[in-house]
Amino acid sequence: MTGNLDMNAQRRRRSSLMRHSLLGVVFLGLAFVGAFTAWTLVVSFPSVDGFEFRRVAESTKIFDRTGDVLLFDVHGTMRRTEVPLSEISPFIRNASIAIEDTEFYSHNGFRPKAFLRAVLVNLGLREGFSGQGGSTITQQVVKNTLLTQDKTIIRKAKEIILALKLERQLTKDQIIEIYLNETSYGGTIFGVEEASNYFFGKKASEVTLAEASYLAALPQAPTRYSPYGNNKHLLEERKNLVLDRMLSAGFISQEEHDTALAEVVVFKETASSGIKAPHFVFYVREYLESKYGADAVSQGGLRVITTLDYDLQKKAEEIVATRALENSENHDAENAGLVAMDPKTGQILTMVGSRGYFDDNIDGKVNVALTHRQPGSSFKPFVYAAAFEKGYTPETVLFDLQTQFTAHCGPDDLRTYNDCYAPVNYDGKFQGPMSLRSALAQSVNVVAVKTLYLVGVDSALEMARRLGITTLLNRDRYGLTLVLGGGEVSLLEMTGAYAVFANDGLKRPPVAILEVRDASGNVLEAYEEKAERVMDSQIARLTGDVLSDNVARAPSFGSDSALYFPGYQVAAKTGTTNDYRDAWIMGYTTEIVAGAWAGNNDNRPMQKKVAGFIVAPMWNEFMRYAFEKYPPRQFPSPAPEPELDSLPPVLRGNWNTNPSEGVHEILHWVNKGAPRTGRPLDPWNDSQYRNWELPVALWAGAAMVSTSTTQQFTVFDFLIAFPYQGLALTKGTEAVASIEYLDTFPIASVTYYVNSEQIGVASAPPFTLPFKIDTAGAATMKAVAEGPLGKRESSVTFTVQ
């Protein structure tokens, strides 16, 4: 069998190599034809001496969804100050050569090996890397000054031929001088003199080695690596790569390398330049640069129609700015962001990345719609949806009682320390038996953690991934805290994930562009509907039914909270991190989904208030305005449960499932991975069973008297943990009797009795006692605990088979 698999693998590899080899032959053949054609076009070109090395750059314009509102003119008013090479720091020249073309001073304008490597990358025969590309600096000069931006074999052949010709006409210093004066460093900034002044407030001759390394890092992707955007860490990594390349090439010493690596460079503040929706625009621009190249975006004359509803965007910016300033004063939460989408299409309608893009007091250029923050309880719906998929129902009952969730920590140790974990609810209160509907609507933490355990962390992560969350990659990082927002996500992806609930289980990933045309009017890309069913519609409807249940949420939020819109059906969920660093709200109707975040970019805590007070009013105001443009319809109702009568009672809302067995948590009644398949044979073998049972038993009482008309519970601080009430024990089985007790009743010894006969005394913690019963029939065990505060008794009845 193994041999057959190996032979199949070899055949697939041979087939792949043949396919790629054919593609390579075709590509090289076309390149030859292109080169010949290009040569015929340029042989008559006698000289490049005195040629004006600048083509007419055409402005790329980015519009809103109507095509009428210009959000940004990428070219705008080009800023360029040409200077001779003698007025450019050698650091800039050497840094640019090191990262772009190390062999610049030794090749003749074209590097065949680098070109072949780029071909292999394009054919998928070799992985790409973050260093140099296939084009020499000479080729880039030709591309930037003489040729169009179209990506064809003919154009590439022209580029190579003209580069070879240029090398015969100009010196290397003349070529690098043109390159450094023509290269785009982002936006309307061209040439190192203008870039040095723009970023550092100094001339190109005055920059330090570290500053020169930053400049050299930018041209590959000016928007992606912008020091004013979200990817400062990527700019830092590429700057370090520039320094490493300079060291390897012998341009700098190890000491210079290390000094520059440690230097803290301060970038100048920037000012507005007539841009609308700046965070969104730069999000779009980064996408365009990654797809079409920085040159095509800065000079290629693209016409881009985006998905942005500018009227809604303006209103969102106004609301965020006003509410964030209020929050700064009232809650020490000085920043906020908001994203809205059409759930039926995935189109981004608004993206507000801060209260003010040009507000450097809050680092306003950072787009909080894209940064990774902990979502708090706004993550909970993903876990509950996974629970509904497994067969749990909104009526399923769990106990909201403080519980120790770390199995090796004592069930009576209700502290969170080291790796022991006993979470509390936001108000410090516990309510006893509670349906999943009420627990999710009221954002009860203990029930949420129990639900995650029933579902499994892997299933919850898989659900989040299906809905579009891409940031929760390291499984080893996440435990039961995941349901309370223990992972990091982005506001944009969270909004897209909630859109799946709004869209009846269909996922349409967030999209920002409707159409891109080149300077000639050719359509380069256009919006296409792409839908993937990632969730059954019944699960989406059940989740939305709970999140829009104002009656269920009222005990915690009140009946007239910022989550409630009279006359409209709106699903909503708030989230506040335990350390009060992040406040979230996510919500949707059938027509629009919107998420908002409030906090501080420097990650300091806010005042201790939940999201309902901090961020919900801002979101509420935005949604009310959005309803005027996107009127909500009623949510489709979830289908009635077809097997309701056959479900285990605990899934139907009956927590006192079998009075003769006593009160137990859900692990006693159902198989957690398949709750509709019946009771577990050995629930006590579940690692959480003991820890979940103690709080329930102490809440309900160790003794329960049942009659046809009454049920009475007596609460104890001491009880028998094993054998438990109703256990069926096999005759002759060697078992261990154990107890549970609270610190409020210290114990010195425990005497055990079976059917009134003493079977032993345990005089030291944990007060367990081995026992064996050889007679079949009903049995009663009694345990009598003695301590400084007196005696306590506990009894259970069970069956010996």
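Let me start with residues 1–54: pLDDT stays under 50 there, and the model has 44 contacts beyond four places in sequence for them. By pLDDT I mean the predictor's confidence in each residue, from 0 to 100. A contact means heavy atoms within 4.5 Å. There is another such stretch, residues 702–716, where pLDDT again stays under 50 and the model has 34 contacts beyond four places in sequence. For the chain, the mean pLDDT is 86, and 85% of the residues reach 70 or more.

Ground rules, then. This is a predicted model, so local features need pLDDT of at least 70 and side-chain atom pairs count only at pLDDT 80 or more, while totals for chains, interfaces and linings use all residues. Residues are numbered from 1 along each chain as its sequence is written, and side-chain values use heavy atoms, with hydrogens and water left out.

Now the overall picture. The chain has 23 helices and 26 strands. These are DSSP runs numbered from the N terminus: helices are H or I, at least four residues, and strands are E, at least two. Of 801 residues, 53% count as buried. Buried is under 20% relative accessible area, exposed is over 50%, and partly exposed is in between, with a 1.4 Å probe and protein chains only. Take the contacts with a separation of 6 or more: 70% of them come from residues 24 or more positions apart.

Helix α6, residues 172–182, is mostly covered, with 8 of its 11 residues buried. Among them are K172, I175, Y179 and E182. Helix α7, residues 192–200, is mostly covered too, with 7 of 9 buried. That set includes E193, E194, F199 and F200. After α7 comes G201, with a positive phi near 70°.

On to the cysteines. How many disulfides does a search of the whole structure find? It finds 1. The cut-off is a pair of cysteine sulfur atoms within 2.5 Å. The partners are C409 and C420, with sulfur atoms 1.9 Å apart. Both sit in the loop between β8 (397–400) and β9 (432–435), so the pair ties together parts that are 11 residues apart in sequence.

Last, a sheet. It is open, has 5 strands, and runs β7-β6-β16-β15-β14 with antiparallel pairing. Pairing requires that DSSP finds at least two bridges between two strands. The edge strands are β7 (348–352) and β14 (571–576), each pairing on one side only. From one strand to the next, the twist averages 10°. Strand β6, residues 335–341, is joined to β7 by 4 bridges. In that pair, M341 stands opposite I348. What packs on the sheet? Helix α13, residues 310–331, touching β6, β7 and β16 (593–599). The direction of α13 makes about 30° with that of β7. Such angles run from 0 to 180 degrees between N-to-C directions; axes are lines fitted to C-alpha atoms, for helices over the stretch in contact.
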